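Subject: Structure handover

Dear colleague,

Here is the structure I said I would pass on. My notes on one helix and a set of strands follow it.

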Amino acid sequence: MSKFRKLGVKMLGLAVILFVGLGQVQAQEYNLVNKESSLKVYGTSSLHDWHIDAENQSGKINFSSTEAGTIDQLSLNIVTESLKSGKSGMDKNTYKALNSSKHKSITFKLTKVNTVTDKGSGVFEVKAQGDLTIAGTTNNVPMNFKVTINGSKITLDGEKTFKMTDFKVDPPTAMFGTITTGDEVTVKYSTIFK
């Protein structure tokens with residue numbers, strides 16, 4: 001084998017290694033950190049306003065480019081019975097309304113990114129669509145959020161308001177129907193991926 005051919009083979013090998021290496025750097029997957037993430041559901045009732053915290057959530061986010069804030073995949077999973085209000089009676093009514101014995105999780109899966117706006121310093125405003133599944137009913141919903149990329153830490157911040165009846169969930173009641181819950185709820189989240 002000539003020197004030039006050996007050099008060519010070595011260069012080709014180096015090019016393949018660089019290409020594969022760069023591909024791995026560009027396509028990056030991050031996992032949700034449950035202990036550092038926060039998701040709260042806010043609602044109203046005929047008695048008082050209320051909120052519930054999600055204590056057990058998981059998920060992944062994939063970027064084709066963190067520099068451009070380009071998200072390839074995003075999936076979130078919340079264990080239904082990890083929704084806690086601090087009041088056992090309210091929690092039981094919530095699990096009943098969500099049919100938690102049959103539907104163990106609430107999920108969100110990104111289906112489309114409409115726009116990504118670079119705000120500078122690793123901050124991006126994202127307008128997207130995704131399949132939100134609650135109590136076995138899936139709706140494709142618009143989801144707008146802020147992505148902050150800080151080294152190996154990704155933060156998603158946002159909120160989403162929707163009606164429980166859009167997911168065929170009857171708003172929970174208590175005290176033989178004398179206390180009723182408003183149909184509209186707002187989810188506020190700060191989700192950490194590493």
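In helix H2 (residues 88–97), Asp-91, Thr-94 and Tyr-95 are buried, where buried means under 20% relative accessible area, exposed over 50% and partly exposed in between (1.4 Å probe, protein chains only). Viewed down the axis of H2, these buried residues fall within an arc of 95°, so they line one face of the helix; the arc is that of the directions from the helix axis to the C-beta atoms. Lys-92 and Lys-96 are exposed on the face of H2 turned away from the buried side. Strands S3 (50–54) and S6 (83–84) are among what covers the buried residues, with contact meaning heavy atoms within 4.5 Å. Just after H2, Asn-99 has a positive phi of about 50°.

This is a predicted model: local features need pLDDT of at least 70, side-chain atom pairs count only at pLDDT 80 or more, and totals for chains, interfaces and linings use all residues. Residues are numbered from 1 along each chain as its sequence is written, and side-chain values use heavy atoms, with hydrogens and water left out. Helices (H or I, at least four residues) and strands (E, at least two) are DSSP runs, numbered from the N terminus.

Now the strands. S4 (residues 57–65) contains Ser-65, which counts as buried because its relative accessibility is 14%. Eight bridges join S4 to the antiparallel strand S5 (residues 70–79); two strands pair if DSSP finds at least two bridges between them. Phe-63 stands opposite Ile-71 in S5. The two strands form a hairpin with four residues between them, and Gly-69 in the turn has a positive phi of about 70°.

Regards
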